[in-house]
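Colleague: I would like to go through the terms in this model. Please set each value against its definition.

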Amino acid sequence: MQVIKKINNNVAICLDQNFDELVAFGKGIGFPKMPYELSDLSKIKMTFYRMDTHNFQLIKEIPENILEVSADIIKNAQSILDHDLNQNIMFSLADHINFAIERSRKGIKFNYPFSYDIRSLYPKEYHVGEIALDLIKEKIKIQLPQEEKIAIAIHFINSQVVTTLQLSETGFNSITELAIQEIESKFNLKIDRNAFIYNRFVTHLRYYLKRLENNEQIDDGSSKLIRSSFKKNYPEVYQCTVDIVSKIDQRLKTFSTDDETFYLMIYVQRIISQTIDNGGINNE
């Protein structure tokens, strides 16, 4: 591998054996005089092809030690999680840690609701969050608040790559927007895309699609009586969810079970309720 341009001491622009350009992360690869031939490829931790402008700028702005610890966190996560990670996790995670450290130094704390849900439903991702805080303390000598375990876990929950259905990240975002627009239209709402409840809805949707992908849908019949009650007490939410699931199945050529529809219904009800509580009525 030829190293052609230094970004910082541990990140450089390189050319692979096919002369394709990439960005490589590795301890000290930016030290030698450029260009040079890197023969010991074991020094390379991560490589990124076709990096977009935003992520390239982040590399230049985020301190090296934060990029380094982010790479270590991801390396640990890859050995724990049973799914592929979107390559953008490197940059979103480093950006988050950078701001989390700034907040910590200023004494600002974030409260992440539904922390119990994250610990219960996504124990592996939560464990990655625990490891992340230990690594940050060890390598950067900063003890972040325990709440950051949840925030980091969410990054890894949302980094899951859906593959078998051949659904790209763009396709997933399109389905997410389809669902959100259906809710907004039916209930005359404006949902805050930065709110935690939005993020939670998107997380559930991603895992729902993952179950479709693996043909492992929830289908135990245990929700039958509850679902009947839900249909009676929240008929508009029920119909909205059925319409969303129908559109997803039509687009992906799948068949969602009644139980999957019911569990999505719970999240639809929550995002509607919390949006109304937060004043998200669309008055336009």
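Colleague: What makes strand β2 (residues 11-15) and β3 a pair?

Modeller: Two strands pair if DSSP finds at least two bridges between them. Five bridges join β2 to β3, so they pair, and they run antiparallel. The bridge partner of A12 is A24 in β3. This is a predicted model: local features need pLDDT of at least 70, side-chain atom pairs count only at pLDDT 80 or more, and totals for chains, interfaces and linings use all residues. Residues are numbered from 1 along each chain as its sequence is written, and side-chain values use heavy atoms, leaving out hydrogens and water.

Colleague: What lies between the strands in the hairpin of β2 and β3?

Modeller: Five residues. In that hairpin F19 takes a positive phi near 65 degrees.

Colleague: How do you know that β3 pairs with strand β5 (residues 44-49)?

Modeller: By the bridge criterion again. Five bridges link β3 and β5 in the antiparallel sense. V23 has F48 as its bridge partner in β5.

Colleague: Why is strand β3 (residues 21-26) called largely enclosed?

Modeller: Buried means under 20% relative accessible area (exposed is over 50%, partly exposed in between; 1.4 Å probe, protein chains only). Five of the six residues of β3 are buried, so the rest of the structure largely encloses this strand. Of the 284 residues of the protein chain, 51% count as buried.

Colleague: How many helices and strands does the protein chain have?

Modeller: The protein chain has 11 helices and five strands. These are DSSP runs, numbered from the N terminus: helices are H or I with at least four residues, strands E with at least two.
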